[in-house]
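Please review the sequence and the model shown here before reading on.

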Amino acid sequence: MRGRAAPTAAVPAVGRQDNPLRGITLKVLSVCFFVVMSTLLKATETIPAGQMVFFRSFFALVPVLAWLLWQRRLGDAIRTTRPVGHVIRGLVGVASMSCGFFALTRLPLPEATAISYAAPLLIVVFSAVLLHERVHVFRWSAVLIGMVGVLIILWPRLTVFSGGPALADAEAVGALAAVCAAIFSAFAMLQVRALVQTERSETIVTYFFISASILSLMTAPWGWVWPTPDQTALLIGAGIAGGIGQLLLTSCYRYADMSVIAPFEYVSLILTIVIGYVVFSDIPTGPMLMGAAIIVASGIAVILREHILGLDRSRAKQASTP
């Protein structure tokens, strides 16, 4: 789930090579590693969300820094002109991961994943409201339909709608946490959009993991626990898997446009349904499947619309060039 950890948004890599098949393959592999990360975190059971964020962020640095050293790009990764921007991105990212990881401990894996798909839809809303970007009727319609899908998933969990006391059970709290994770994730992506104007992709990724490690470490006085050896292995494995997933995600955009690659994010829903059933004995419910299908369809519609608008803008620019 993107809300599962809210990984830093990938930005197009320098040295673009046109190879869509390779780009799609890298994207699917990144999705697989992020699903493995979420599965390992969910399996830790009693570990507080802030502690999960620390392990996920700190140990993600291991493969990321190793890759940068191998590529001889570590100097580029630590060179920045926007330290405050990276701290803000870290704050929002930690909030998103904390909510997302907490949701993992309260919800079935497929449901937490499906709700996280609301983040790209919320980016459209925040871009219009906060950045005053022009959003046409088609995208607004897709966003509203997608939000209906989120509500379908949430409805059985929010006991206030069924006559019970509001937030009466853990799943209701988890459902709201998943929504908060999607909201914070959307804000994080807007911050990344601002950073990418001046910062390299490796700089954004490196500083996010560093800032997230430091910020999450500050949550230790509020209920960290001493993990068992098995839990420690799961936490470290989750961090390393997340770091590898981030490298693959960043690399995939070197080979194809985002509009080609982005829809393959939804492969994670299939994987989480299978893993949820096999590992955690979670049986997907009708509302979850229906809501997820609506959200996925809305997300793909937004992606395709953005692709069409991008082509139109490119043609208009070419036509106006003397």
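Phe59 counts as buried at 19% relative accessibility, where buried means under 20% relative accessible area, exposed over 50% and partly exposed in between (1.4 Å probe, protein chains only). This is a predicted model, in which local features need pLDDT of at least 70 and side-chain atom pairs count only at pLDDT 80 or more, while totals for chains, interfaces and linings use all residues. Residues are numbered from 1 along each chain as its sequence is written, and side-chain values use heavy atoms, with hydrogens and water left out.

**Aromatic residues**

- Rings of Phe, Tyr and Trp (its six-membered ring) pair if their centres lie within 6.5 Å; planes under 30 degrees apart count as stacked, over 60 as edge-to-face and the rest as tilted.
- The count of aromatic pairs by this rule is nine.
- Phe55 and Phe59 are a stacked pair, because their ring centres are 5.7 Å apart and their planes lie at 10°.
- Phe59 also pairs with Phe58, in an edge-to-face arrangement with 5.2 Å from centre to centre and 85° between the planes.
- Phe55 is buried, with a relative accessible area of 11%, whereas Phe58 is partly exposed at 39%.
- One aromatic cluster is formed by Phe54, Phe55, Phe58, Phe59 and Trp224.

**Overall architecture**

- The protein has 15 helices and zero strands; helices (H or I, at least four residues) and strands (E, at least two) are DSSP runs, numbered from the N terminus.
- Of the 322 residues in the protein, 49% count as buried.
- Contact means heavy atoms within 4.5 Å. Among the contacts in the protein with a separation of 6 or more, 88% are between residues 24 or more positions apart.
- The accessible surface of the protein is about 14,800 Å², and carbon and sulfur atoms account for 71% of this area. Accessible areas come from the Shrake-Rupley method with a 1.4 Å probe, and for residues only the protein chains shown count as cover.

**Confidence of the prediction**

- The average pLDDT of the protein is 85, and 87% of the residues score at least 70; pLDDT is the predictor's confidence in each residue, from 0 to 100.

- Ser268 lies in helix 14 and is buried, with a relative accessible area of 0%.
- Leaving aside neighbours within four places in sequence, Ser268 is in contact with Val31, Val35, Thr113 and Tyr117.
- Ser268 and Val35 are 233 residues apart in sequence, yet their C-alpha atoms are 6.5 Å apart in space.
- Ile270 is also placed in helix 14 (residues 267-280), and counts as exposed at 56% relative accessibility.
- Ile270, Val274, Tyr277, Val278, Val279 and Ile283 make a nonpolar surface patch of about 650 Å².
- Patches are made of residues with over 30% relative accessible area and no salt bridge; like charges are joined within 9 Å and nonpolar side chains (Val, Leu, Ile, Met, Phe, Trp, Tyr) within 5 Å. A salt bridge is a side-chain nitrogen of Lys or Arg within 4 Å of a carboxyl oxygen of Asp or Glu.
- Ser281 is located in the loop between helix 14 and helix 15 (286-320). This serine has a positive phi of about 60° although it is not a glycine, and Ser281 counts as exposed at 58% relative accessibility.

**Other loop residues**

- His132 lies in the loop between helix 8 (118-130) and helix 9 (137-154). Its phi is near 60°, a positive value in a residue other than glycine, and His132 counts as exposed at 68% relative accessibility.
- Arg73 is found in the loop between helix 4 (61-71) and helix 5 (74-78), and is buried with a relative accessible area of 19%.
- Beyond its neighbours within four places in sequence, Arg73 is in contact with Trp67, Leu68, Glu202 and Arg254.
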